[in-house]
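Visitor: I have a structure open and want to learn how to read it. Where do I begin?

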Amino acid sequence: MRLKHIYLILAVLIISLLTAVEVGLADEVPSNYRLAAASDVISLYIDDQTSYFLIQHNETKQIWYSVPPGSRTDKDTLSIIYYNPSDEMKTMNNFKDSIEIGMFKIEDIPGGVSVFYQFGPDWVADDWLPLMVPQHRFENDILPRLSDKDATWLAGKYKLISLVPVDEENPRPNIVGLTNLDQVFGNYTVATPGKKLSDKDRNTLAQLLLDTIVGARKDVNERADVRLAHMEQLIETPAYVIDNTIRPWDRTDIQNMMQAINYTPEEIAKDHEANNIEPPVKNVEIFQITVEYIVEGDSLIVRIPMEKVYYPVQVEPNDRYLTGVSGNFRPTNRPQVYDYFGQIGGAKVDFPLYSINILPHFGASPTGKDGYIFIPDGSGALINTKVATAVQYARDMYGIDNSIAYGLDEHGYQEPMDRYLKERLYMPVFGLKEEDKAFMAVIEQGHGMARIKANTASNINPYAKVSSEYVLLPLGRISLTTTSRTVELEQRARGQINAYAKALPDEDIVIRYTFLTGDEANYVGMALRFQEHLVNKYGMTRIDPKENLPFYLELTGAAPMQKSIMGIPREVITSLTSYNQVQSIVSELLQNQVKNIQVRYLGWREGGLYPPLPSRARLESELGTSQEFNNLVSYLAENDVGFYPDVDFLNIYDDQIIKIDLKKDVAQSLNRQAVSMVRDNRFEVWVLSPSKLDDLIQKFTADYKKYNIGGLSLGDLGSQLNSDFNLNNPVSRADALVINQKAMQRLNEEYKLDLMINKANVYAVPYASHLVNIPLTANNYNIISRSVPFYQIVMHGYVNYAGYPLNQAADYDYAVLKMVETGAAPYFSWMYTEGTAVKGTSYDYLFANYYRDWFDRAVATYQKANAVLSQVQGQRIINHQMLAENLYMTSYENGLSVIVNYNRDTVEYRGIAIEGMSFKLIREGDLQ
Amino acid sequence: MTASGARRTTVLIMPAIILGLLILASSAVLAVEATVVPYESYTYDFWKQPVPAPQAYLPVRMMTGLDMGTDALSNPQDITVLGDHIYILDTGKHRIIELDENFQFVRAITQFQNGGVMDKFSSPEGFFITPDGTIYVADTGKERVVILDNDGNLLGIITSPHLEYPDFFPPRFVFRPRKIGVDSIGRIYLIAQDLYDGIVVLNNDGEFTGFVGAPKVKRSALELFWSYLQSEEQRQRSQLYLPIEYASFDVDKEGFIYAVVAGPAENEALKKLNPAGQDVINRTGFVPMRGDSAASFDNNESNDTRSRFVDVIGREWGMVSVLDRQRGRIFTYDGLGNLLYVFGGIGDAVGLFTRPQAITTRGEQILVLDADGRLTVFEPTVYARLIHEALMNYDRGNFTRSTEIWQELTRINPNLDLAHTGIGRALFYDGYYAEAMEAYRHGQNRSGYSSAFAKYRQQWVNENFQWIAWSAIAVILVIYLIAKHQLYYRLKKAIGRKIVESWGETAATVTYMGVPIRDTRTFKAWFLRLLDSLRYSLHVIFHPFDGYWDLKYEKRGTVGAANVLLFLTILAWVFRRQYTAFIFNTIRVQYVNIYSEASSILIPILLWCACNWALTTLMEGKGTFRDIYVATAYAMTPLILVFVPISLVSHVLIEAEGVFLTLAQSIALIWMAALMFVGTMVTHEYTSFKAILTSVSTIAGIAVVLFIMMLFMSLVVQVIGFVYRVYLEVAFR
């Protein structure tokens, strides 16, 4: 007994050890995976049974799965959203709708694999149900292939029917409500060969036959419409007709039986045709997507070639089952397609493919492991994954598309949901860190249409994950409202139709997943990899650092203000900072030892802040003469001050001076109206059609070069991304991105202009020398654990940048600290006029811009920041850490670090005391 | 000159102020990104339009129950502060939570000894803690008020007062106390569910003493008329539903009760009740104290757009903050009812709420409790601190200091009208009247402007008395000379003669100024006739019976002249709208638009003519449409004569003298009405009775026409809408 016990204990020990070992060996590749491709860093394994794959790091043996192994819910690698012709949103995923039913194909391609998925089966379950089978086929081809028991059961579900001439033995059936039987049956009546029928059975059979024909023929609507011609084949060959009183589950059983014996819908179609009823039609609700997985260096490239994406366009909807009258053959999962007049079927229909979510569960991290999701919200943000609190995050890249967000409702613009949330997504990159491994994904192509999604674990689904989704065919809702308010309220609920883009974008989707381990596996590592990627892709070069930190100065020139003279309202252009005043502010700054000044000048053109279409570059006479402007230009050049007059190319005002052509110049929204939007809640501006951009820029620069200014500030070109749904020449958002990039490239190379870009998305940065109004933090979402200066880690050393104007900050001191932490330069937005000049006008938002009020503080702040940041000018940031609560350290490649203390009290860190709300420069070795 | 000098000095003082404030600031940690604030900051201007403002309060911390060191909160309903510690009433978990100064869990009161057995709360919705730490809990679910000492020992239980005083309560009343407050002398106030008579007052012993703040039932004329028609029974029934329900209240240190009314906020949604129950709040701000102004929602004010207050907190220096559930905003008013600042919002970012429920203050912090279990801590920015400091100094009588701060505030936020007014006041007391006027004008403070202007005017008159006296004498002399030699008449006549002679008219079918004109077909003749008939309007208005007769039968009136008169009326009207002095002009002068103004004059006049014509044709009137039009246009003459001079005169008047303007205007209007009446009478040859009848019916007719036009418009709009819809469907399907 004792010994036995010991054995038992030993056995338990061994088993538990084994399991422990197995846990330890979780990084072993499961046997169902085969090696598909490998580089010297990673290997790609694929499971041919499921098309699932995994990536293993060759050195550390760490594994990232395409779907979390063992998860019951997360089993798909692609999911799509599409709309049916009734404007209902539908989803499919490639596990349920493709992998499980074997509708995929794996093919080896150089460096990886390509997987073809068809979403949705060729035939749906109902297609497998024979309604009427000729006797010989039923008895020879179906019944023998079944077991005896099944055969008997099946035979019981069908009735054998033939037509025989009326005689004494076979009298006419008697059907309630059908008076003229002659017309229907001619001189025939129903019978079952070799069986004597009672009157009641005969009546039932006749009804069954008629109902089946009615149910399965489009041209027959009721029993009285049936003619002998519809069933005369029964005279020669009797047929088995399915009993319409059987239960739905019996029907399912029959369908399963047919599938089991492979009595295909093609066979069934032959039977139906032989019996003059409609055959099953192939399912049209299918989508095809091909994904390529290619290993390249330390990255996995996931590519979806757009030309291989199929969605149903102008297909004939299946509606055979919809017209059934007997009540037993009701539609099951078929689309209910109604045309405008409420009729079923008829017109050809589309199933627009709204979006694809690619690898939604890749590398998912189970609850309880340390780590975070990195999302590119604002400057970058982290979401902790350790604790299971279900949060969801989904936002579009690069903010709203004005052509979609505005102008769909004739009552005004649709207010974007997150109007108050200032920061958008500037960078097409996301990642997930789990303990000492991490992956990051850079969207290389198609980021214009991307959307970043993140989920943290919940109790039901214990995985944290992050992925990207792509809106292929944007959707707009057109409300069928009228201008009358009462009617509108009535119709709000129901009166909407969806409008979709007509064609897929030209751009493929390419995502590069890179795998980081060890010290690199964090957001700094991701940022440096992303930097490397940008350098490789765009040839971004290091800046030639100047001795001093730049001082960004934004000045507002003129603004049209509403005046009324004897009741005639007009816009009077009013100067806020004239050309001479710009010069005097700058000279005052220079006198106060502010160096490296970069001036961004708004509202300098004819019309001020409300200028005409920039097809020429005329000066505003209220601001001074052209001589004064030229003097200003040469003064700034002499004093080595950068001068960047600002111009908006994408948001254009309709003006009396240069009329814009709404049909030609302006982008169209999905309701085919010219897109206008309200900017700053005040002015209506039109959205330029992307295809007009090149022409406009050419005209502008031709005129602009006469001023001999080397710089130009872009107000909206680097930050806005609008599509155009014009039917003749549509431009998708992804394509608009390429157009905007090319335009900036031309400004750089062809027109030799040095660019300052406002609120630059990452794709614009390679063309800029200066960035202003870039995000220094993320949005304050509840779900975000903390924001990180990812954008700055990527950009520092490659471009000069500044955050938001310090004088408009909610908390000046905080904003200064943030500026120092992120290595940004000071930035002020000023005007020469006192704030009361704009009080009561449309420009009351410029309330804190009077330069005198800020001058001394600005100079002091600049000197203080310059003392520290000038020493790291042009240096890359190589690390950024949170040392303690509200204590951050940014380290640069030359060994200098800046510690910023946001606490109100002095904090000591490794022997260095940092005062409350201040910062300190430290050198390597200063820390104990 | 000196005023701007004063401003210069404050610029230098300013950094010191800001520095000082930072040192004063509490040592709480700034844990939330303050560069992106998820809500907009604004105030309302004189025209009830939102204008941007600097951020006043920033979210510094957001905590769930887990962050506080306890389990998640479940539907917490109330929050209060005692010393540094925060108490939260966690309704869903029937407990009171105490947090320390760092928002960390100290203890929870879940039960107490009651007559030897342990007793528990049941969904308590409100509580109050007196300065000595006594806790009063409105134990809603158990229909009672529980009084505990700070250690959780039972001090007493108050059950429903309606058992003893059934007459004061509705039948079948169930006592469910929801909010509770206690003043410094121990009176207990509470709000109970389904009780619409105001706030229940109990004395220190828990004895019912009555209600305060019972809303007065106000009735419109129409309602009075209906109630006159109703039976006694109906009248009694209709009285039941009028009273209002309070959402919450706060008892301040001086014993005033700040109370907010539940539901969509009306103008009197926020009350400050004195112990006698009277509403003593000042409502002198530009916008009513009901949260968001209707004007900011396209005037589309409905119950859906109005703010809904859920909680209120009385603050120092007469300030009061209210919490709006509708948009999750906190509105803060000063003691005069001026909106100081707004912050907060609905959403899922830090600083926004999903179901904001209760608000309290801790020092200068504002704490907002969200019923979904979150507590958000807000701290003031420099801007809000300056406002507080200005109010404090004003309250304490340090006017110089408060003025300095107001000056700094106009620099930080020139849109803050209050600050301009504050400066105006200071400049006024210092005798800088012109500068004070300027400041008051920026602050849209018309009465302040007026008093400064009165002084300024007096000063000006004193300084320029000699000059004024001499010019007055000169003017009188000139007038005397003109009158004596009939200069005006002779000049006029000479000019008239000159015109006619120079144009070479000799023979007469028409005369101008007694000079005959022969050829009536030329432009000159037409023009002279026009001039003549225009001139005749001056005769008509003084001799209406005679004049109107001549207009019609002597052909003295022409359509051309009528057109000119109407045009002049429009000009005079626009002139008055645009150029009336600041004190008397409350419209936004830069937006005056002659086209819309013209339609506001022309449409009523043309409607009058049309309806009058339609009626009088039926009532045997002798006038044609042309006659009616001419008569009506001539009746406008007094307006032309009065509007322009009074607009000019308004520039030298102060507010109190505005009555002269009103008087002149009223005279003009009455005069015009009388002329229209006489015009109707003479033109149609009516008796006075018939003329009255016609005038009244014309007005009724106008109403009918307007009604039909509106119906028609709505129909047309619907038809257009329908057609458009069909187009859309066809185009996009």
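Visitor: Which helix of chain B holds Val716(B)?
Guide: This is a predicted model. Val716(B) sits in helix 19 of chain B, residues 688-732.

Visitor: Is Val716(B) buried, partly exposed or exposed?
Guide: Buried means under 20% relative accessible area, and exposed means over 50%. Val716(B) has 30%, so it is partly exposed. Val716(B) also belongs to a nonpolar surface patch. Its other members include Phe712(B), Leu715(B) and Val719(B). Together the patch residues have about 680 Å² of accessible area.

Visitor: Which residue forms a salt bridge with Lys690(B)?
Guide: A salt bridge needs a side-chain nitrogen of Lys or Arg within 4 Å of a carboxyl oxygen of Asp or Glu. Lys690(B) pairs with Glu620(B), and their closest N and O atoms are 3.9 Å apart. Lys690(B) lies in helix 19 of chain B, while Glu620(B) lies in the loop between helix 15 and helix 16, so the bridge ties together parts 70 residues apart in sequence. Lys690(B) is partly exposed at 23%. Glu620(B) is exposed at 62%.

Visitor: How do I read burial along a helix?
Guide: Residues three or four places apart point the same way, because an α-helix has 3.6 residues a turn. Now take helix 12 of chain B, residues 523-542. Its buried residues include Ser533(B), Tyr536(B), Ser537(B), Val540(B) and Ile541(B).

Visitor: How far does helix 12 of chain B reach from its first C-alpha to its last?
Guide: Its 20 residues reach 30 Å, close to the 28 Å expected.

Visitor: How much of chain B is buried?
Guide: Buried residues make up 50% of its 733 residues.

Definitions and conventions:
Residues numbered from 1 in each chain as written. Chains lettered and ligands numbered in written order. Predicted model: local features only at pLDDT ≥ 70, side-chain atom pairs only at ≥ 80, totals over all residues. Heavy atoms only, no water. Helix = DSSP H or I, 4+ residues; strand = E, 2+ residues; numbered from the N terminus. Expected span 1.5 Å × (residues − 1). Buried < 20%, exposed > 50% of the residue type's maximum accessible area, 1.4 Å probe, protein only. Patch = residues over 30% accessible without salt bridge, like charges linked within 9 Å, V, L, I, M, F, W, Y side chains within 5 Å. Areas by Shrake-Rupley, 256 points an atom, 1.4 Å probe, with all protein chains shown as cover.
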